[in-house]
Amino acid sequence: MFFDPETWVAVAFVILMVVFGYLGVFKSALTALDHRAERIKAELDDATRLKQEAAKVLADYKARSATAEREAADIIANAKSEAERIATEAKAKMEDFVARRTKTAESKIALAEAQALADVRAAAAEAAVQAASTILSQSVKGQVADDLLAKGINEVRQKLN
C-alpha cells in the first residue's frame, strides 16, 4: 500500500488541504466566490431594471405612435371634410352666379324685344301717319283738310303708342 502511487497522491492531497485550511485559502476562495456572486447578482438586477425601463420606453413609444396615427387620421378626415365643404360652397356659388347671369341675360333680351316692338310700332305708326297724310292731302283741300289731318294724326298716335 505504501508503494502504491494512488496512496501517496491521496496523502499529498490531504496534506495540501490541511495547509490550505491553515493558511485560510478556503476562506479567501469562498469570499472571492461570494463577491463574484454579489457582483453577478447586481449585474442581473441592473439588467432586469434596464429591461423594465426598455419595456416602459417601448410602451410609451407605442402609445405615442398610436396617438400620432390617430391625430394624422383626424387631420386627414378634417381636411377631406373641409375640401368637400369648400367644393360644395364653390358649386353653390357657381350655380348662383350662372342663375344670376342667366336672369340678367333674359331680362336684357326681354328689354331688347320690348324696345324692338316699340320701334316697330313707332315705325308702323309713322308710316300710317305718312300714308294717311298723303291720302288726305290729295283728296281733301283747304281748312277742313288741315283740321281732319291734325285730328286723325293725333288719334293714330294715341292708339298706336
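In what order do the elements of the protein chain run from the N terminus on? In this predicted model, the order is α-α-α, and the chain accordingly holds three helices and zero strands. Its radius of gyration is 62 Å, well over the 15 Å that the globule rule gives for 161 residues, so the chain is more spread out than a compact globule.

The overall values for the protein chain are collected here.

| Property of the protein chain | Value |
|---|---|
| Box of the C-alpha atoms along the principal axes | roughly 190 × 25 × 15 Å |
| Accessible surface | about 14,000 Å² |
| Share of that surface on carbon and sulfur atoms | 65% |
| Share of the 161 residues that count as buried | 3% |

Helix 1 covers residues 5–23, and because 19 residues at 1.5 Å a residue should span 27 Å, the 27 Å between its end C-alpha atoms agrees with expectation. Just after this helix, Gly24 takes a positive phi of about 80 degrees.

A nonpolar patch lies on the surface, formed by Trp8, Val11, Ile15, Val19, Tyr22, Leu23 and Val25, which together have about 730 Å² of accessible area; helix 1 supplies the largest share of this patch, namely six residues. In an α-helix there are 3.6 residues a turn, so residues three or four places apart point the same way. One of the patch residues, Tyr22, has its place in helix 1 and counts as exposed because its relative accessibility is 74%, where the cut-off is over 50%.

Further along, an unreviewed UniProt entry lists residues 30–96 as "coiled-coil region". In the model this span is 100% helix and 0% strand, and its end C-alpha atoms lie 97 Å apart.

Conventions:
Residues numbered from 1 in each chain as written. Predicted model: local features only at pLDDT ≥ 70, side-chain atom pairs only at ≥ 80, totals over all residues. Heavy atoms only, no water. UniProt positions renumbered as here; feature names shortened; annotations may be inferred. Helix = DSSP H or I, 4+ residues; strand = E, 2+ residues; numbered from the N terminus. Patch = residues over 30% accessible without salt bridge, like charges linked within 9 Å, V, L, I, M, F, W, Y side chains within 5 Å. Areas by Shrake-Rupley, 256 points an atom, 1.4 Å probe, with all protein chains shown as cover. Salt bridge = Lys/Arg side-chain N within 4 Å of Asp/Glu carboxyl O. Buried < 20%, exposed > 50% of the residue type's maximum accessible area, 1.4 Å probe, protein only. Expected span 1.5 Å × (residues − 1). Rg over C-alpha atoms; globule rule 2.2 N^0.38 Å.
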